[in-house]
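Thanks for coming. I have one structure to show today, and I will keep it short.

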Amino acid sequence: PYAAVWFLFTFIRSLADETTWARRVNTVAADIERWIFNGELPTIRLQAELYDPFDLKWWDYYLTFVHWSYFLIPHGVAAFLWWKYPARFLQFLRTMTLTLVLGLVLYFALPSNPPWMAPDSINSPIAPPALRIMEPIAVAIGGGLYQASYKIVGESNPIAAMPSIHMAITFILVPVSYWYGRVWRILAWLYALSMGFALVYLGEHYVIDVVIGSLIALYSWFAARTWMTGVFPAIWRMFQGRLWWRTRPSSQQPADTGA
């Protein structure tokens with residue numbers, strides 16, 4: 001089930017940029033971000049302050065590896081829960097599934113270019129663009145390995161910035177950590193905050209993508225239990241009632257009063 005959920009999510013997500021609607025609204029998120037931050041993308045401001053393409057710093061590598069860890073750490077946590085705590089794994093799986101479903105709804109409602117694909121704020125050749133920093137980092141540490149890995153786990157649809165599923169799935173680990181000790185809670189929060197900063201700084205997501213992704217994950221964590229223990233059983237009982245009516249023995253069918 002875990003693998004099936006991810007397979008379906010990736011497949012359906014790849015279709016979100018194929019509509020006419022996607023070509024009409026794919027820069028709306030960038031416009032909202034600029035409106036919130038007084039005409040400027042936070043990604044461009046952070047890169048102007050912290051990034052030098054000719055002198056890569058330790059935080060460039062750290063934040064890039066945080067971004068890439070999304071393809072390993074959440075799945076590792078899921079495997080651990082499945083192996084050691086099946087009931088907790090079901091809560092994780094339900095939360096993740098609801099998070100991905102809500103993410104798909106927003107992908108089709110507001111398909112958005114990420115910052116590295118955002119148009120310049122003004123029509124000028126000197127307007128600073130938002131860069132995709134993880135690409136020069138990948139070249140610096142071994143471009144061939146990066147390209148090979150990206151073909152396997154890479155972007156199925158670049159016009160899918162809103163919301164940030166990277167952030168949403170990472171943020172699920174925060175409530176998971178409250179099942180364990182204080183150290184795990186601190187690590188989970190540090191990881192989530194690092195991921196949020198990395199996504200904006202590296203040019204992968206807007207601030208609003210990160211915030212909405214976190215809110216979706218938090219909602220899904222609490223809603224998954226309610227839906228699975230209240231809503232779905234009620235729907236199933238109703239379905240069973242209708243099914244029983246259709247399949248009960250003929251001796252219980254109403255008598256034929258026709259001529």
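The chain averages a pLDDT of 80, and 75% of the residues score at least 70. Over residues 122–126, pLDDT stays under 50, and the model has one contact beyond four places in sequence for that stretch. Where pLDDT is low, the predicted coordinates should not be read in detail.

Now helix 10. Helix 10 covers residues 182–201, 20 residues in total. From first C-alpha to last, helix 10 reaches 28 Å, close to the 28 Å expected at 1.5 Å a residue. Its buried residues include A188, Y191, A192, M195 and L199. After helix 10 comes G203, with a positive phi near 85°.

Take L199, which lies in helix 10. Is L199 buried or exposed? L199 counts as buried because its relative accessibility is 0%. Leaving aside neighbours within four places in sequence, L199 is in contact with H67, S164, H166, M167, E204, H205 and V210. P115 is 84 residues from L199 in sequence, with the two C-alphas 9.8 Å apart.

Last, the second largest pocket. About 310 Å³ of space lies in the second largest pocket. Which elements give two or more residues to its lining? They are helix 6 (73–84), helix 9 (165–177) and helix 10. Among the lining residues are I73, F80, L173, W184, A188 and Y191. By class, the lining has eleven nonpolar residues, one polar and no charged. A188 and Y191 line this pocket, and both are among the buried residues of helix 10.

Notes:
Residues numbered from 1 in each chain as written. Predicted model: local features only at pLDDT ≥ 70, side-chain atom pairs only at ≥ 80, totals over all residues. Heavy atoms only, no water. Helix = DSSP H or I, 4+ residues; strand = E, 2+ residues; numbered from the N terminus. Expected span 1.5 Å × (residues − 1). Buried < 20%, exposed > 50% of the residue type's maximum accessible area, 1.4 Å probe, protein only. pLDDT = per-residue confidence, 0-100. Contact = heavy atoms within 4.5 Å. 1 Å grid on protein atoms, 1.4 Å probe; cavity = no way out; pocket = protein on both sides within 12 Å on 5 of 7 lines; lining within 4 Å. Points joined across faces, edges and corners; volume = space filled by probe spheres on them. Nonpolar A, V, L, I, M, F, W, Y, C, P; charged D, E, K, R; others polar.
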